[in-house]
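Visitor: Before we begin, could you take me through this model by setting each label against the rule behind it?

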Amino acid sequence: MIRYSIAAADLEASIRKLKADWIEKAAEESKQNKKERTYTKGPVDWSDIKQAFIDAQNGKCIYCERRIGTDSDKKVEWDVEHFRPKGRVTEWEPGTGPASQSGYYLLALDWRNYMASCKRCNSAHKGDRFPIAKPPRQFNSTDPARLDRELPYLPFALGKAADDPEDLITFIGWKPVPKSPSLRKRAELVIRFFELDASEDLIEARCNAIVAIYTYLRNRDHGDKEAKADARDMLAIVVADRFEHANCARSFIRLYESDPNEAKLQKDACKAYLRSKSQRR
Ligand SMILES: [Zn+2]
């Protein structure tokens with residue numbers, strides 16, 4: 001997970017480019033929801049503005065950092081993710097906020113509550129759950145400061161004011177771990193919530209990245225002139241936000257710079273994992 005620092009005005013402009021009057025229509029429909037104190041599906045469709053979020057996130061799932069892509073034919077693999085559930089909220093683990101039938105109905109059509117996520121993260125993991133540290137849930141507000149009083153466990157990672165998930169989660173080799181002891185509980189919860197340390201596809205993709213990055217780092221330091229130049233170019237690509245599993249890649253490069261022997265051990269563990277997977281197939 002990483003933060004995508006797009007300015008709110010830029011995101012709003014790209015929403016308007018997709019559908020000029022979406023925001024006004026949504027505000028109109030929200031009034032009705034407010035009156036009825038529940039979200040009822042009307043003509044406004046958030047899929048119409050999905051591409052703005054996909055583009056803002058460089059074609060990557062906000063939660064698991066899988067790169068699905070920005071092409072319009074990939075749209076079906078994406079969900080508009082309501083950060084705070086638009087309807088019913090189910091309790092996740094005890095002590096992470098109560099269930100509710102009505103949910104955050106005021107935010108159903110509020111684009112500031114949207115991100116783009118893959119179906120794995122949205123359907124299989126997030127669903128209508130929204131763990132918070134500090135109940136009660138602020139169902140009757142759209143004010144960000146008031147909503148923040150809930151102390152959500154999951155980071156909202158889109159926008160300049162968003163949480164930075166890299167303050168929360170770092171990686172040792174392929175494995176996501178809490179970055180700092182003070183945020184350990186929250187980080188562990190996020191990792192567990194999305195099974196970021198258990199999905200074999202995610203582990204395999206991160207291992208592939210680490211084995212490649214290790215080669216670039218070795219070539220950068222020990223290669224001939226051409227290998228050094230290639231390695232520097234490739235390293236610039238893998239630390240960019242657009243790169244799949246950028247948090248893992250950046251963490252691994254930091255590990256290599258501070259402890260190359262440990263980085264080598266982690267790279268070898270990734271290689272062993274990839275080898276065992278290829279033999280299973
Ligand atoms: Zn995902």
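Predicted model: local features only at pLDDT ≥ 70, side-chain atom pairs only at ≥ 80, totals over all residues.

Visitor: Which secondary structure elements does the protein have, and how many?

Guide: The protein has 11 helices and four strands. Among contacts with a separation of 6 or more, 65% are between residues 24 or more positions apart.

Visitor: What are the domains in the assignment, and what makes up the side of domain 1 that touches domain 2?

Guide: The assignment gives domain 1 as 8-163 and domain 2 as 165-274, with 29 Å between their centres, taken over C-alpha atoms. In the contact between them, 15 residues of domain 1 meet 16 residues of domain 2. On the side of domain 1, these are eight nonpolar, two polar and five charged residues.

Visitor: Why is a set of residues called a nonpolar core, and which residues have the most contacts inside the largest one?

Guide: The name requires buried residues of the listed nonpolar kinds, joined through C-beta atoms within 7 Å. The largest such core has 60 residues, and those with the most contacts inside it are Phe53, Cys64, Ile210, Ile213, Ala249 and Phe252. Helix 8, residues 200-222, gives the most to this core, with eight residues, while each of domain 1 and domain 2 supplies at least three. Leaving aside residues up to four places away in sequence, Ile213 touches Val238, Ala249, Phe252 and Ile253. A second, separate core has nine residues, including Tyr39, Leu106, Leu107 and Leu109.

Visitor: Why is Glu77 called partly exposed?

Guide: A residue is buried at 20 or more C-beta neighbours within 10 Å and exposed at 12 or fewer. Glu77 has 14 inside 10 Å, and therefore counts as partly exposed.

Visitor: Where is Glu77 found, and which residues does Glu77 touch?

Guide: Glu77 is found in the loop between helix 3 (50-56) and strand 1 (78-82). Not counting residues up to four places away in sequence, Glu77 touches Ile68, Cys118 and Lys119. Ile23 is 54 residues from Glu77 along the chain, and their C-alpha atoms are separated by 24 Å.

Technical notes. Residues numbered from 1 in each chain as written. Helix = DSSP H or I, 4+ residues; strand = E, 2+ residues; numbered from the N terminus. Domains from an automatic or database assignment. Contact = placed C-beta atoms within 7 Å. Nonpolar A, V, L, I, M, F, W, Y, C, P; charged D, E, K, R; others polar.
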